[in-house]
Amino acid sequence: MKLIINFLFIFLVSACSFVQKSNTEGEYRYVPITEALKKLSDEEFAAKLREASIICENEMLKVYVPSKTLDPDGWQTGQEERQRYFKNCLELRGFERKFFSAAAIKKIDRREERDMTPEEYIEKPRFY
């Protein structure tokens with residue numbers, strides 16, 4: 001009898017956890033904060049973001065992290081400090097980290113892939 005009750009309890013717990021939908025569908029992206037970055041074209045924006053992330057990665061490596069084998073807690077704290085430093089560094093350079101859901105990403109992709117109207121071509125030419 002005890003075996004059946006334990007089995008039902010485990011089944012109930014696993015069923016409840018299976019039914020819950022996770023909200024992790026999506027991704028984090030860096031978006032511009034400053035007006036100067038918002039005015040850039042997509043290629044220039046990607047170049048600025050790449051340049052800023054490389055600079056921040058190089059500066060992030062200067063944060064001291066002890067050896068994992070000697071001090072596991074200190075190693076974990078050091079890794080968290082590095083990640084915080086990287087996010088702050090990019091924010092100082094004009095980029096903000098935002099979470100976009102999968103639906104929002106699909107909407108952005110559809111908007112970018114659609115054909116432009118003649119009025120939009122006059123305001124913003126597609127080819128330079």
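Residues are numbered from 1 along each chain as its sequence is written, and side-chain values use heavy atoms, leaving out hydrogens and water. In this predicted model, local features need pLDDT of at least 70 and side-chain atom pairs count only at pLDDT 80 or more, while totals for chains, interfaces and linings use all residues.

Start with confidence. The score is pLDDT, the predictor's confidence in each residue, from 0 to 100. The chain has a mean pLDDT of 80. Of its residues, 76% reach 70 or more. Helices here are DSSP runs (H or I, at least four residues), numbered from the N terminus. Confidence is lowest in helix H1 (residues 2-19), with a mean of 63. It is highest in H3, at 91. Where pLDDT is low, the predicted coordinates should not be read in detail.

Now look inside. A nonpolar core is a set of buried Ala, Val, Leu, Ile, Met, Phe, Trp, Tyr and Cys residues joined through side-chain atoms within 4.5 Å. Buried means under 20% relative accessible area, exposed over 50%, and partly exposed in between (1.4 Å probe, protein chains only). The largest such core has 9 residues: Leu 37, Phe 45, Ala 52, Cys 56, Met 60, Phe 86, Cys 89, Leu 90 and Phe 95. H3 gives the largest share, 4 residues. In soluble globular proteins, nonpolar side chains tend to be buried together.

Contact means heavy atoms within 4.5 Å. Not counting residues up to four places away in sequence, Phe 86 touches Tyr 30, Ser 53, Cys 56, Glu 57 and Met 60. Ser 53 sits in helix H3 (residues 42-60). Ser 53 counts as buried because its relative accessibility is 11%. Leaving aside neighbours within four places in sequence, Ser 53 contacts Phe 86 and Leu 90.

Which residues does a disulfide join? A disulfide is a pair of cysteine sulfur atoms within 2.5 Å. Here, Cys 56 is joined to Cys 89, S to S 2.1 Å. Cys 56 lies in helix H3 and Cys 89 in helix H4, so the pair ties together parts that are 33 residues apart in sequence. The torsion about the S-S bond is about -80°, so the disulfide is left-handed. Cys 56 is buried, at 0% relative accessibility. Cys 89 is buried too, at 7%.

Finally, turn to Asn 88, in helix H4. Asn 88 counts as partly exposed because its relative accessibility is 40%.

How values were computed: Helices (H or I, at least four residues) and strands (E, at least two) are DSSP runs, numbered from the N terminus.
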